[in-house]
Amino acid sequence: MPELMCESPLASIVDVPETATVVSCVQETPDIFTLELKLSSPADEKFVYAPGQFNMLSLYGVGEVPISIVSDPEDELIAHTIRSVGRVTNGLKQLKVGDQLGLRGPFGRGWPINASMNKDVVIVTGGLGCAPVVSVIHYIIRRKSDFGRLIIFQGVKHAADLIWKTQYETWAAIPGVDVRVAASESSNASWPWYSGHVTNMISDFDYDQENSVAMMCGPEPMMLAAIHALKDKNLYDENIFLSMERNMQCALGHCGHCQLGSKFICQLGPVFSYSEIRDLLGKRGL
Amino acid sequence: MIRKRLKKSDFPRLITALQENGYEVIGPQVDSGAIVYKPLSDVSQLPEGYSDDQKAGHYRLKKNKSNRWFAWANAAQSIKPFAFVPTEVLWSSSKISTPEASGETIQFQKKEPDVVPQAILGVRSCDLAALAIQDAHFLQQSYIDSYYQARREKLLLIAVNCTHPSKSCFCHSTGDGPSATTGFDILLDELDSAFVIQAGSGKGDSIVSLLPLEELEQDDLLQVDRQNKVAEETQTKKLPNADVRLLLKENSDSEFWDDIAKRCLACGNCTSVCPSCFCYSEHEQPELDGNKSTHIREWDSCFNQSHSYIHGIVVRSETKHRYRQWLTHKFSGWFDQFGKSGCVGCGRCTTWCPVGIDVVDAVKNICEMENA
């Protein structure tokens, strides 16, 4: 099985952040927000990225965090959807239009987008606003005729957690796009989607073994369950891709924090094929 | 390389030659009961007649009647801090108020490291091997670490072959010593009244050519070979003759990790003295007036809880996870990353472990458990 090539343009902003200005901020939920940024010139012109890559965002006087890019590489602005959990992300949440911050990137290896052209793409994601796959969904929908079927499995814990609800409905209405949403701990009457684990729905479809690529991100147990279900449907290990997470401080493959086994996630990932990291998944404390 | 003889009485000329060529000379000296590398201006500062008694959880200097300057195993800290400094300012950011426009702008500026050429005297083979690993990590991947590079390029390394390995040492078993074969600018073998000297690089040769050298005496090389051979044979500590790289990975669920975690304090002493460990963390240091902030990196340790912190979760939450990470990375993961073990057999992690965990025993235990 040939390896599918992932896109990974090297960072144009490496050592020291460039200034970026907040053009818009949208509060998606009480703790999730999206910032649209404009890099100052000439860094802006040189900034080339692929879906699935990430940037280091630097909040003045507080610190840097790795954040996935959700915008389309052809967009004028660089967008990040962020969940506020720590000191830096809580601070980023306070930013207003016109405020400035630092940006380094783009880092890491993105999704195998070009290699997935004319193939069916299966997206599995759990949790809230899972940015790495949102970028790839947008990318494919914008260029739908270049791809085969798009099947999106989105899992949330509670019905109220589903952000961008209307967006899922819009996607579902596009020919060749199937959307399945599941809430694992919710079953009120008004919930129009599935109640239960998102991975239970994977077996509802048939997949073209030779022409299907799966891309997923979310909690590891969910991804493992999804992999299990996809393999039952005969998908190749090499065609299942995961976006992984670890602590990252330098994003240059030097600081040592992002190691998963012997892999520096900031360089060789965050996107890996299942065949590359099969032995490293589901192990506590690795 | 041609080997010549430098009389001990002419040794100060080496220091002078280095100084006259713009180098700050760094050399081993006794400080607070340990041998450490620090600025040196005179041969009288060298640790004449000192030996180091090292074993698991134990380090003591002993004075004897020998007139040798380099008759000890290795310094408490390796030469790593001269290229990969413990604390480095990476950049600063400034907040500039623009009254005419609305709000403030933020500007980022790289901090170029202040570097002076340094010549390190008395470098050990194990530390040269570790520096080569650091070079591979910081200079030979997708991104070059410009801070490390600036310092590394200005180093001149004067190795002295190790004749007195300690009980913690096992560099012969890792293939990294006790005699140096590569990575030095100048190499010395210490004899009682002279040094055998050879250049290992053009930079080294330009210094060696300034010295009053003599032809070797008849049995100089015999003596060198003999003492280097003895150094090899003194090392009884050896890594197990097994596929450590594979066994550590295969045994990731072994009970051994629980056993060692009962003793390990997760203090990070081992990573602090390890010459190949490269982890660092980054943080901001804002000034009190709020107009400027510096972005700093500092050595970090995979034994720290914060090392694997991610959005509210500590991935390696238990000590056994962290010890497993360190040992497996060092003796196995490094092969995947750099084609070589990350351990050079210097034995410092064993010596400086406050509870005396012996790294070779740890590796043996895990490998033998598999064989049992």
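The model is predicted, so to speak of local features a pLDDT of at least 70 is needed, side-chain atom pairs count only at pLDDT 80 or more, and totals for chains, interfaces and linings use all residues. Residues are numbered from 1 along each chain as its sequence is written, chains are lettered from A and ligands numbered from 1 in the order in which they are written, and side-chain values use heavy atoms, with hydrogens and water left out.

**Where the chains meet**

Let's start with the interface. On chain B, 52 residues are in contact with 42 residues of chain A, contact being heavy atoms within 4.5 Å. The two chains bury about 3700 Å² between them, 52% of it on carbon and sulfur atoms; buried area is the accessible area (1.4 Å probe) lost on putting two parts together, summed over both. Of the area that chain B buries against chain A, 21% comes from B:Ile106, B:Phe108 and B:Tyr143, more than from any other three residues.

The rule finds 3 salt bridges across this interface, a salt bridge being a side-chain nitrogen of Lys or Arg within 4 Å of a carboxyl oxygen of Asp or Glu. B:Asp253 pairs with A:Lys283 in a salt bridge whose closest N and O atoms are 3.7 Å apart. By class, the side of chain B that touches chain A has 14 nonpolar, 25 polar and 13 charged residues. Here Ala, Val, Leu, Ile, Met, Phe, Trp, Tyr, Cys and Pro count as nonpolar, Asp, Glu, Lys and Arg as charged, and the others, Gly among them, as polar.

**The second largest pocket**

This pocket has a volume of about 470 Å³. Its lining has 24 residues, and A:Gly261, A:Asp279, A:Leu280, A:Leu286 and B:Lys249 lie nearest its centre. (On a 1 Å grid over the protein atoms alone, a pocket is an open set of points with protein on both sides within 12 Å along at least five of seven lines, and lining residues have an atom within 4 Å of a point.) The lining divides into 5 nonpolar, 10 polar and 9 charged residues.

**Backbone spots to look at**

| Cis peptide bond | Omega |
|---|---|
| A:Ser41 to A:Pro42 | near 5° |
| A:Gly269 to A:Pro270 | about 10° |

In chain B, B:Ser32 has a positive phi of about 50° although it is not a glycine.

Note on methods. 1 Å grid on protein atoms, 1.4 Å probe; cavity = no way out; pocket = protein on both sides within 12 Å on 5 of 7 lines; lining within 4 Å. Points joined across faces, edges and corners; volume = space filled by probe spheres on them.
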